[in-house]
Every structure is written in structure tokens, then in C-alpha cells.
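Thanks for coming. I will take a few minutes to walk through one model.

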Amino acid sequence: MSLESNRPAPERVAAAMNAFVRDFTRESAVHMDACIRCGHCAQACHFYTSTLDPKYTPINKLEPFLHAYRRTTAPWAPLARLLGAEKGVTLQELESWQELIYDACTMCGRCTLVCPMGIDIAALISRARHGMFAAGLVPEDLRAAAERAENEMSPLGATPKVLEERVDWLEDEHGVKIPLDLPQADVLVTFSSIEIMKYPHSLVAMAKVLKHAGESWTVSTKGYEATNFGMLSGNRDWQHDMSERIIDAAIACKAKTVVLPECGHAYGALRWEGANVHGAPLPFEVVHISEYLASLARKGRLRLKPLAKSLTFHDPCQVSRRGGASEAPREVLAALGVDLHEMGDHADAAWCCGGGGGVVAIKRADELRRGAFRIKMEEIDATGAELLATSCANCRLTFDDGAAYHKWNKSMQSLTELVAERLEG
Amino acid sequence: MTLLEFARGPALTVALTVFIAGTLWRIFRLATRPAPPDRSAPRVDAAAAGALLGILRRFWPHPRFGARIGFSVFIGYLYHIGLAVIVFAYLPHIEFIRKLIGVGWPALPAPVTYFAGGVTMFALLIALMLRLTDPVKRLLSRFDNYFSWLVVFLPVATGMAAFDTAAGGFNQTYIALHLLTVELFLLWFPFGKLMHAGLAFWSRGITGVKYGRRGAMP
Ligand code: SF4
Ligand code: SF4
């Protein structure tokens, strides 16, 4: 039994309501008021289309958030209270919606693409998670990962000590230099814990690329982990702490650029939310590794041996659809000389892999996630491409798991690793 | 006071007052919600273009979703256009508006507007059928959705019934009922989903600005 169940129900509901109310900004309010309940959003969501269960309709996942809004803040809230038309939320409702708010939403934003009102459901889900966290209603494995990230700097145990050991090992084994904690550098490079623990070759690949570009760069043991599990779990304070670690590290080494790793949510957290969390514009540029590679290619600083193969690219939702950087990986692939076979739905319209938003960390969501993964398998098979690449380690992990589960004969590769393998000189 | 006098007099005044005051209140309440500034460095510094694109592009379904939502969108367009024709191109309505606000414009021939009325009623019935039979729409539907449907359908139905072909003129009781149902529409407008007529632009615009500055599809 979790500690949370000892807290009285009214206290937990009140905590959720307080957090919800804080999140009823103008954007949230207008979006919730504008919904016409047409249900079109269902057709964009991999969790609905793979199950055809109406409960997975995107806007339905926000029902408790909507009830709280109508009871407390909506323009007609006083009237609704007077007439008893809106009862507000109960602990039971919050508990039963936990699966929809966490397990069944990767915050991929595909539903916004189809919504006639342009409602940013992913952003609303992200806000609704604040209230869920406050009520102690985060799936335990996701909460524990976020807590580790807050206390140990990594959700997967990639503590500073582990990082240093890994860097030593990788430097020895691959003959690369990963400069830790330099007092000054133009570029601060960050990683995803998934890369550090599961795909360490990505660290080597980044080191090779930065050396090739002749960059002055460093990795800080005080701010190296970019996957913001504080944000994913719904803990605003932890989100702040995790962003601030990187921001402080970048300021300390006077970096002009922070390069984010192959991680979609890291991009959303720092590129688009970092300054808002920090409370001021960031004194450095924030780029995703795919953007960094594309800019090197544009400047002629990336000399590559051509890769004469056909390849299809999986867009990480937070970098492409919600991040606006869908062109960058394609520029890099063009520089690699691959024969790009696009999926039917790609770039802004790409289907999510099903593992974003912390979903891959929630064990009980495995079946739902793996069901949704079929959509990707079918799309990729239809391209007939020989290779498969992405620029998100979380997507890669989801693909590895999905491929193993479905006994699919395709293997996801990292864009950065592909580039590093083809560097000339 | 006859029913028609009531509908033309006090009922209309009350309905218009609630319509205007209620709509302004709802806009005011939404506009005064906190709107924290977005401090991230924009990729594209073009908020107005993002808003405009976001508003315009959603008039047409995203090409990748046409097959999945096309029919629902088509039916929606049928009754929205039908309603616009009836309200703004039917001579008696233009006269009504002229008396109310002093501005008028040329009308379409009456048979065209009657045809539009028929199409609108048909499309509204299909929309209701979809709402009742599609599992997703049914799950999402609330009193608001059904009542909003009713207050749109009733004025069209009573309006169509008001023309007495045998007598070659309008049936006064139906005209009164027609006016009363329009007033019901006006009374309900600020409280429910009907207000998407204006909120759609605001909602799309917000997303347009947010994603436009990111260089993503607004
Ligand atoms: S598509 Fe948009 S307007 Fe329609 S139900 Fe979903 S969120 Fe609401
Ligand atoms: S953001 Fe993605 S996962 Fe979440 S409801 Fe929308 S389409 Fe589904």
C-alpha cells in the first residue's frame, strides 16, 4: 500500500484542485471552452486507433480537469455551483482517470493537428499531471523514476559517479575524449540517461562529431541529464530543478550553445519550456543534436562518406510536430546521401512510437503501448526502406521493445551514430 | 398581448440582452485569466502569421485525416453554410436585421434559401444521428451538445413550417414560434457550445501563435 493512501481523500482532492486551478491559464481556459466534442481527435491518437476504445479519445482523458475547471474557474462556474450543475472531482474519478492521463497519453500532440479548434491537448495533459502528482496519483514506477532523477540526477541510476565511470570506459575503449567539467567551453553537451545506460555508443558518437567539428565543448557532472522526468511525472518543482541544473552548468562554463541529446522530451523541456521555468530568457542557444548536425552540414563542417542505402526516419514528436525541427534530420540525411523513403505520415503528421511522455517507464502500460506500436510497424514496412533511424533514445528504446515483443525484424538506429560512423578523416 | 407581439417585444429584448451581456461576460472572464509570457527564443518571430495560419488552415481538415473525419466535416460544413445562407441571404431575415441594426444587403431568391433550409435540416439530422451512434461522439456528448443542437434545429424547422403554401403567406403562430425559438438560441448562446462560433478563432489563434513561433505547423 502506498503512503499516499494514508492521506485523507479530501486533502488529496483539494491538493489536486489547487494545482488544477493554478493551471487554468488563458490558454487552458479558452481551449477547454472551445471544444465542440466532435471526437475528431480520437482519429489522431494511436491509443484510440489501436484499440477503438472511446475512452482513449484525447479530450476524454481530461475529464477531471474539465470538471474542476467548470466548478472553479470557467466563466459560468458561479452559476454551475449555484445550480449544482457541476459537482467537481472526487478521488475515485481521479483514480480512475490515472490510466488515461499517464499510461494512455504520450503528449505527442497529434490530436491537435486534427482538432478543428486547435486545442493543445498535450499541453492540457501536461498541466493535468500537476494536479495528479499533488494528489499522489502518479503511477509508482514513473514517480520513482522522477524521484531518482531529482535526488540522484538520473531516472535510471546514471549518477555523476556512474557517468564518470562510463566516460572513462568509453574513452579507453573507443579512443575518444569526452571532456568533463571544463571551466569554459562554447558548447555544453547533455545526454539522456537512456543513452548513458543503454546506448552508450551515442555518447561516443557525439564526442566524435564534436571533435570532427573542432568544437570547444564539455559535459558537466552538475548538469548532464536532459530527460526531464519532473515534467513527465507532473512535479513542477522537480521540473524546475532539472532544468536549472543544466542552465546553471551552461552559465558556469559560459557556454554559447547547449546541445540536447537524442531525446524528444528533453527538447520540449529545455528548448521551449526552459526559459519559462527559469523565469527569464536563457543566455545561450538551445539546440537538439539533429539541429546541431544540420547546422554543421549547412556550414560545410560535416564531411561524410555517403551511405548508399534506403532509410526511413521516425520523427520524435517533441522535436518535429511540437518542436518545429522536422527539417533538421532530413538535412542531415541528405548530407549522408541516403535514399529517404518517407512514411505515409511523417514530420508534423508522424505517428508517435507510443513510448513518449513517460509511458515507456510505466510497466502496466506495456500491453497498450505495444498494441499502438503496430501502427508504426505497418507504416515502416510499407516504406520498404532498408534502414530505420530516429533522433530520440526514448523512441529507440520503445522500438527495441516493440520489435522484440512482436518479433519484428527491424532495428532502430540513432541518427547521430549513423553520422559518426560516416565521418571522413 | 398576442404571442407574436410577445415574441417581437419583451422576449426579443430579454434574449438580446442575455445574448450580448452573457457573451461579453464569457469573453471577459476568459480574457482575464492569467497568461504567462512565453520567454523561449522563437525560431520564427511571426506571431500574427502563426495565428492567421492556425486559424485558416483548420477550416480544412489536415490532408492526412481526410479519410477518417471527412464525412463528419462535410456534414458540419453543410449545415454551417446552410445556416449562413438562411440567416444572411433570406429576404425576411435581412429585413429583420435591417430593422434591428439599420444595415441591409441584397437577398438570394427565396427558393434557394428554402433549399438551403431543407439541406440544413437534413444535415442537422445526420449530425444528430452521428452523435447518437458513433461511440466516440456519444461518449463525449453532454446536455450542452444536444440542447445546442435543438436550439439550432428548432428555428430552422419552425421557419420552414411558417410559410403556408395554401394561403400563400406566413402563418402568424408559426412566425411567433419561430421568433421564440430564435430567442431560445440567443439565450443559450453564451452558456454553451454555440459560442464556438467565436471561440474557434481565439482557440486556433492561441495554438497558431504558440506553434508558429516554434516553426511547427500552427
Ligand atoms: S477534436 Fe478538438 S474540438 Fe473535437 S472533441 Fe477533440 S478536442 Fe474537442
Ligand atoms: S497527445 Fe498524443 S497520445 Fe496524447 S491524446 Fe493526443 S494523440 Fe493521444
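First, the ground rules. This is a predicted model, where local features need pLDDT of at least 70 and side-chain atom pairs count only at pLDDT 80 or more, while totals for chains, interfaces and linings use all residues. Residues are numbered from 1 along each chain as its sequence is written, chains are lettered from A and ligands numbered from 1 in the order in which they are written, and side-chain values use heavy atoms, with hydrogens and water left out. Helices (H or I, at least four residues) and strands (E, at least two) are DSSP runs, numbered from the N terminus.

Now the sheet. In chain A, four strands make an open, parallel sheet in the order β6-β5-β7-β8; two strands pair if DSSP finds at least two bridges between them. β6 (339-340) and β8 (413-414) of chain A are at the edges with a single partner strand each, so one side of each has no neighbour in the sheet. Strand β5 (residues 310-314) of chain A is joined by four bridges to β7 (residues 387-390) of chain A, and T312(A) stands opposite L388(A) there.

Next, helix α4 (residues 63-72) of chain A. Is it mostly covered or mostly open? Mostly covered: seven of its ten residues are buried, where buried means under 20% relative accessible area, exposed over 50%, and partly exposed in between (1.4 Å probe, protein chains only). Among the buried ones are E63(A), F65(A) and Y69(A). The cover includes α2 (10-31) of chain B as well as helices of chain A, among them α1 (9-22) and α8 (121-134); contact means heavy atoms within 4.5 Å.

On to salt bridges, meaning a side-chain nitrogen of Lys or Arg within 4 Å of a carboxyl oxygen of Asp or Glu. E27(A) and R127(A) meet at 3.3 Å, N to O, and lie 100 residues apart, in helices α2 and α8 of chain A. A network of salt bridges links E27(A), D120(A), R127(A), R322(A) and K210(B).

Last, the patch on chain B. Residues including V87(B), F88(B) and W105(B) form a nonpolar surface patch. Helix α5(B) gives the most to this patch, with three residues. V87(B) lies in helix α4 of chain B and, at 37% relative accessibility, counts as partly exposed.

Terms used: Patch = residues over 30% accessible without salt bridge, like charges linked within 9 Å, V, L, I, M, F, W, Y side chains within 5 Å. Areas by Shrake-Rupley, 256 points an atom, 1.4 Å probe, with all protein chains shown as cover.
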